[in-house]
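Have the viewer ready and follow along.

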Amino acid sequence: MAIDGPIDSCQGCRTLPQNGCRGGCGHPQKNVQFENYQRIAAMSKKKSNVWQYFYKTSGTVATCLLCNRNYSRRGRGTTCLRNHLKSKHPPEFLSLSGDIKYLDLVKTEISIGSPQHPTAQLELNLHETDSDPLDTEDISYSKRCNEKLALMLLNHSFEFIEGPGFVNFIRALQPRYTIQPRSYYEKILCEDIHRKMHQHLQQQVGLLDAISLSTSLWRGDKGEGLLSLSCSGISRDFQNHRLMLKCEALNYESTSKLACCIRDLVPSLAIEVPKEKIHCVIRDEMTALPGSLPDCSVHRLQMCVRFALQSNELLQNLSSKCKQIVDHFASSKMANDHLKFIQEIRLTRDPCTLTPYDPFQWNSAFQMMSSVFRMKDALSLYCEEYSLVQIYPDEWIEIDLCSKVMQPCEETIKIWSNPSTTTSSVIPLVAALRDSLRTDVHNFVSSVTICSFARKLLEELEMKFAHITSDIKFLMATYLDPRYKQAFFTEREEQLVANEVLLQLAGVPEDCNGQPPLKIIKVSSTSSQKNESKIDSILDSILTTGTTNTQQPNTSMGSQSQIKNLLYLYNSEPRIDRNMDPLIWWRSNIKYISLYGIVRKFLSAPAASVVSEGLFRKSAHLYSDMRAGLSPESASKMLLMKSNFSFSNSDIN
């Protein structure tokens, strides 16, 4: 075998060949790099030590002798077997560590001496993917495959596993696996996995000292719908938890009994939720009590916009014009292609598309008008050649101004719709909206249509959100959020909050948790988004110009001076940046441990209850399966599992 590297010779060296040679005796010089290659080759021919813990069932399957779990070895390697020992049997894995450390050492030496050699690319992957939280140790390989395939059906229709493409794929991947009928996987989901999920939810609810319930209903255009009950809470380590407690898939028959379904939503709950833990119940527009407004801030603001638009006849006529234009291009491919040609060739721009009107979207009319305005030049050129609805110059101005009035409303609803947004943001964002609309009424006085729309929207906002300045749960949540504190309060509201804090502390046991490590975590919004947001700019302006009241609370309970001093210290703290997580701030300030109980209680309430809409849109396949024979009860259980996997960011595939 040829030896890489130089071979020197000398005169009269008597060094034995096996000891190597530094001179020129004609003996081959010792090549350390070559010997490393020989050592690795010898090891590759030797049977791996990992086989002392595994039995080779077949050419492609090995069984662990310690836990009887089967593993596929289609690649004929032992890495997956080592990974199993590392994660499930650490003592046995450590017995192999000397072998692994030796290979790592050789790998390092070779990579330094010859980085281009293929052996330098040797990798020992000892990592295993995160395990499923519902997995158990005593589960067979076949049962595990059945559960994983059943879980996949939370995102796909049952028809998927019956398709020839999927069947052929499984046959090629694992010929011994037999795909069962759809009823088999439905039973796994609705019995075994649902039972595990139920136990998991009960444990999670037990970890929360206070929870806020949210009811939500979403209905489609074919008589289908989804009724949901979710809960939000903050654990003792200041982690925000959001769980779906109940889902009810509605069909043609159950929609007629909708009132009974809503009434029995909480009493029929299978998971035990102590009444003393319930902080509040937030209802959306469809589940609100008869004759009352929804508790959900998103639906209240949507109602404000809807009523303001309905009262403005000129704006409705302008919306109708835009709808005719959109429908014209949607119904004619030739017209749509010509509009695209105008944008690309004549205007040398990237082509834009028109947004169709969707009656189920609260802001669909405004989004449609905005898309028409963005294509103003192309539409004007098109109208010169073809007969189309004419939009006059002053109407183009009104469309543009309408978009500017609506921008803060859309931004606010987007913020409130985020599951992590709490009621602490309701008072600040309503104040920012109020300032924005007052400015619009003043600045757009030249347009009677837009000025009237902004004024009506402001009136609706003042009326439908008048309760937040007297509702103690909104006041307390805002005060206990270190981003806002008392920045939006009057003297009367400050007094109400101070008295409520003293009353709450009298009945809340002191928190004995130690101080967790300090961590600075920002929310999802970025600085670029912040600069482009109109509502963010208004909020920053209010918080910058406003002064924080650092006076000691003046209450009638003089004996509780220690608590009042603690509130004085909290009021004196500078407000944190709006992009910071308030829960991280509280967890890091152990000196306010006496307030931890009420902080977790009042910051647990979300700003809105809009869970059903997103889950309904992502679950169209389940409603197709309902029409094909899947029972509403089974669909409801599958929706419950799907939503909770989504909340926990688990991989259900």
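Let's begin with the aromatic side chains. In this predicted model, ring pairs tie Tyr479, Tyr570, Trp585, Trp586 and Tyr592 together as a cluster. Across the whole structure, the search turns up 17 aromatic pairs. One member of the cluster, Tyr570, also has a charged neighbour: Lys485 sits over the face of the Tyr570 ring, 4.5 Å from the ring centre. Elsewhere, Arg600 is placed over the face of Phe238, with 5.5 Å to the ring centre.

| Helix pair | Axis distance | Crossing angle |
|---|---|---|
| α5 (residues 141–152) and α8 (residues 182–206) | within 9 Å | roughly 95 degrees |
| α11 (residues 313–331) and α15 (residues 393–417) | 11 Å | about 100 degrees |
| α16 (residues 426–443) and α18 (residues 472–479) | 8 Å | about 95 degrees |

How do α5 and α8 lie relative to one another? Their axes cross at roughly 95 degrees, so α5 is roughly perpendicular to α8. On the α5 side, the contact uses Asn146, Glu147, Leu149, Ala150 and Leu151, and these meet Tyr184, Tyr185, Ile188, Leu189, Ile193 and Lys196 of α8. Sorted by class, the contact of α5 with α8 holds eight nonpolar, one polar and two charged residues.

The second pair packs at about 100 degrees, and therefore α11 is roughly perpendicular to α15. Here Leu315, Leu318, Lys321 and Cys322 from α11 come up against Glu395, Glu398, Ile399 and Cys402 from α15. The contact of α11 with α15 is made up of five nonpolar and three charged residues, with no polar ones.

Finally, a word on confidence. The average pLDDT for the protein is 80, and 78% of the residues score at least 70. Residues 99–138 have pLDDT below 50, and this stretch has 57 contacts in the model beyond near neighbours in sequence. The pLDDT is also below 50 over residues 649–653, a stretch with nine contacts in the model beyond near neighbours in sequence.

Terms used: Residues numbered from 1 in each chain as written. Heavy atoms only, no water. Axes fitted to C-alpha atoms, helices over the stretch in contact; angles between N-to-C directions. Helix = DSSP H or I, 4+ residues; strand = E, 2+ residues; numbered from the N terminus. Parallel < 35°, antiparallel > 145°, perpendicular 65-115°, else oblique. Contact = heavy atoms within 4.5 Å. Nonpolar A, V, L, I, M, F, W, Y, C, P; charged D, E, K, R; others polar. Phe/Tyr/Trp six-rings, centres within 6.5 Å; stacked < 30°, edge-to-face > 60°. Lys NZ or Arg CZ within 6 Å of the ring centre and 35° of its normal. pLDDT = per-residue confidence, 0-100.
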